[in-house]
Amino acid sequence: METRMKELVTLLNHYAEEYYTKDAPSVSDYEYDKLYRELVALEEAHPELVQPNSPTHRVGGTILKGFEKYQHTYPLYSLQDAFSYEELVAFDQRVRKEFPAVTYVCELKIDGLSISLSYVEGVLETGATRGDGSIGENITENLKRVRDIPLVLPEPLTLTVRGECYMPRASFDAVNLSRQENGEAEFANPRNAAAGTLRQLDTKIVAERKLATFLYQEASPTDQTSQEKVLAKLERLGFVVNPHHKTVTSIEQVWAYIQEVAAMRDQLPYDIDGVVIKVNDLAIQEELGFTVKAPKWAVAYKFPAEEKEAKLLSVDWTVGRTGVVTPTANLTPVQLAGTTVSRATLHNVDYIAEKDIRKDDTVIVYKAGDIIPAVLRVVMDKRVSEERLEIPSHCPSCQSELLHFEDEVALRCINPRCPAQIKEGLAHFASRDAMNITGLGPAVVEKLFSKELVQDVAGIYRLTVDDLLQLDGFKEKSAQKLIDAIQASKGNSAEKLLFGLGIRHVGSKASQLLLQEFHSIPALAEAEVERIAAIDSLGMVVAESLKRYFAQEGSQLLLEELKDAGVNLDYLGQKVAADAPLSGKTVVLTGKLERLTRSEAKAKLEALGAKVTGSVSKNTDLLVAGSDAGSKLSKAQELSIEIQDEAWLESL
């Protein structure tokens, strides 16, 4: 019986691969269904013999309770964007400055959702969304319903791979037709449909919507030496790899490939929004390294955005959490990149003046980065009025006088008690990337503020169930749920709190780097500007902003109130003892290592107390050099910096 079940699983998976991956079925649907029904009957009779790679796992019927958070072992970085040939040339020049003979792999930028798949001994263990790059959501059960994702690999490998999950255009049309017939709202575009599908709690719906994938990266340490070979390996393991990738030797060839792709874009059976250009040699990728947010060895060229004409009806001015007052245009509705747009950013007062935008103008609207609607320019031959737009002189929230500093393009309200800024700051503090207080969104913040229950972030931790019961929409259960979420946030690692404080120029990645270095917010508050600025990829702007913030009496009082409320101020990640062998040392890696991957070597150095940076300077204490070391080794020798090899590192 077990032998027959294994035989059926092997046969059905082979037929499914032919149908879904190779588009070359060798048996009829009738024959497939007959074998499938036989397997279902056997599995129902012998559930203890069900195989982990059985195709019956692809069908739905499971109602999930929700999605758990998933900590990525290997972070997912975003990509640096380029919108012109000149920006691509600048990227190429930065790379060739250190590696003159570099080659690139060009790949289609699929308009879908980034996913991460982890296999243990060849079996799919976890499928997750990108999230913020560090923490995503575990959507394993839904990804098992995507037919072209292997449940079991042909080799018992333990690895993590990355790719894009998307909805083919044919599936999108079928889904929208079904929704139309059922009187449901249609999806705006395939990307939205794919996102909505992957967040379904009913796995049966996921199975029915026929999502697909393209895989493009082995995120865990790989035994391959180039991106070309990684793609070949992924294909060999049964993943679907987009066939339209190309290796080139110059930026001119990159540009020619982009023109080819642009010409065939509309004929593809799926949506793309650009081309990704990656350094082919993985050793060079490791040499180039990363910024806080993105790899230095890749760039995403984005196709020009769709443009439409719209009539400017009026302008709203809103206040953000940093006091910046931003103009937003109200427009006659237009269809743009699959969605209806009736509002678009005007950026700032300088932008309005530069574009000479006036009352009742007809303007060209586009989506910046295919996401944010923005006004591009005025259609001058359709101008009907010479009247200029009214620029506010006082804050629309608190009526304080607005300032337009010489070194800024924005109008700014500097009143620290401005209600709009406080509300925006509270919502930011509770957001997912900050303290992640589920249920405390902008609408609830507005209600709390209007009832004068919260005036600053410390006030969040003084809330009670009785306080929340004063608000519309709250009952005993929902109030207790929010209080529990607030209490749980007290235990967050301190980089979440630092980001949540909304200090200017201090984002989530910078917050993590700062707390890795100083281990607690009080220690950071006492640190010298120069020491903060020395952290790789931060610099003096971040350092001075932090010192200004912590020097304020109000900031010091707020931290005391948060501490008294039981909010954690310490970094809970990996800490290094002060007497670690490389504690306080700035170290650079270069060349090819024989026994360690670059990421493994970096992790070992950090565990020994080192701060690993990507470039050699007078602040570098040590260079660890492998074979074929290049310009970094030469520079280290010029600066008389200590140089060691891989064997020395292993000896520590």
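Reader: Why does Lys 423 count as partly exposed?

Author: Lys 423 has 22% relative accessibility, and buried means under 20% relative accessible area, exposed over 50%, and partly exposed in between (1.4 Å probe, protein chains only), so Lys 423 counts as partly exposed. Before going on, please note that this is a predicted model, in which local features need pLDDT of at least 70 and side-chain atom pairs count only at pLDDT 80 or more, while totals for chains, interfaces and linings use all residues. Residues are numbered from 1 along each chain as its sequence is written, and side-chain values use heavy atoms, with hydrogens and water left out.

Reader: What makes Lys 423 and Glu 446 a salt bridge?

Author: The closest N and O atoms of Lys 423 and Glu 446 are 3.2 Å apart, and a salt bridge is defined as a side-chain nitrogen of Lys or Arg within 4 Å of a carboxyl oxygen of Asp or Glu, so the pair of Lys 423 and Glu 446 qualifies. This pair links distant parts of the chain, with Lys 423 in helix H12 (residues 419–430) and Glu 446 in helix H13 (residues 442–450), 23 residues apart. Helices (H or I, at least four residues) and strands (E, at least two) are DSSP runs, numbered from the N terminus. Glu 446 has a relative accessible area of 39% and is therefore partly exposed.

Reader: Which residue forms a salt bridge with Arg 96, and how far apart are the closest N and O atoms?

Author: The partner of Arg 96 is Asp 92, and their closest N and O atoms are 2.7 Å apart. Both residues lie in helix H3 (residues 85–96), where they are 4 residues apart, about one turn of the helix.

Reader: Why does Asp 92 count as buried?

Author: Asp 92 counts as buried because its relative accessibility is 9%, which falls under the limit already given for that word.

Reader: How many salt bridges does a search of the whole structure find?

Author: The search of the whole structure finds 27 salt bridges. One of the pairs is Lys 144 with Glu 141, whose closest N and O atoms are 3.6 Å apart, and Glu 141, at a relative accessible area of 29%, is partly exposed. Elsewhere, Asp 356, Arg 358, Asp 361, Arg 383, Glu 386 and Arg 388 are linked in a network of salt bridges.

Reader: What makes H21 roughly perpendicular to H22?

Author: The axes of helix H21 (residues 540–551) and helix H22 (residues 553–564) come within 5 Å and cross at roughly 75°. That angle makes H21 roughly perpendicular to H22, because angles under 35 degrees count as roughly parallel, over 145 as roughly antiparallel, 65 to 115 as roughly perpendicular and the rest as oblique. The axes are lines fitted to C-alpha atoms, for helices over the stretch in contact, and angles run from 0 to 180 degrees between N-to-C directions.

Reader: Which residues of H21 and H22 meet?

Author: Tyr 549, Phe 550 and Ala 551 in H21 meet Glu 553, Ser 555, Gln 556, Leu 558 and Leu 559 in H22, where contact means heavy atoms within 4.5 Å. Leaving aside its neighbours within four places in sequence, Ser 555 is in contact with Tyr 549 and Phe 550.

Reader: Why is Ser 555 called buried?

Author: Ser 555 has a relative accessible area of 4%, and is therefore buried.

Reader: What is the relative accessible area of Ala 374, and where is this residue found?

Author: Ala 374 is found in strand E16 (residues 372–378), and with a relative accessible area of 0% Ala 374 is buried. Not counting residues up to four places away in sequence, Ala 374 touches Ala 344, Thr 345, His 347, Ile 364, Val 365 and Tyr 366.

Reader: Why does Gln 399 count as exposed?

Author: Gln 399 counts as exposed because its relative accessibility is 52%, which is over the 50% limit. Gln 399 is found in the loop between E16 and strand E17 (411–412), and has a positive phi of about 70° although it is not a glycine.

Reader: Where is Ser 640, and is this residue buried or exposed?

Author: Ser 640 lies in the loop between helix H24 (631–638) and strand E21 (642–644), and its relative accessible area of 66% makes Ser 640 exposed. Ser 640 has a positive phi of about 60° although it is not a glycine.
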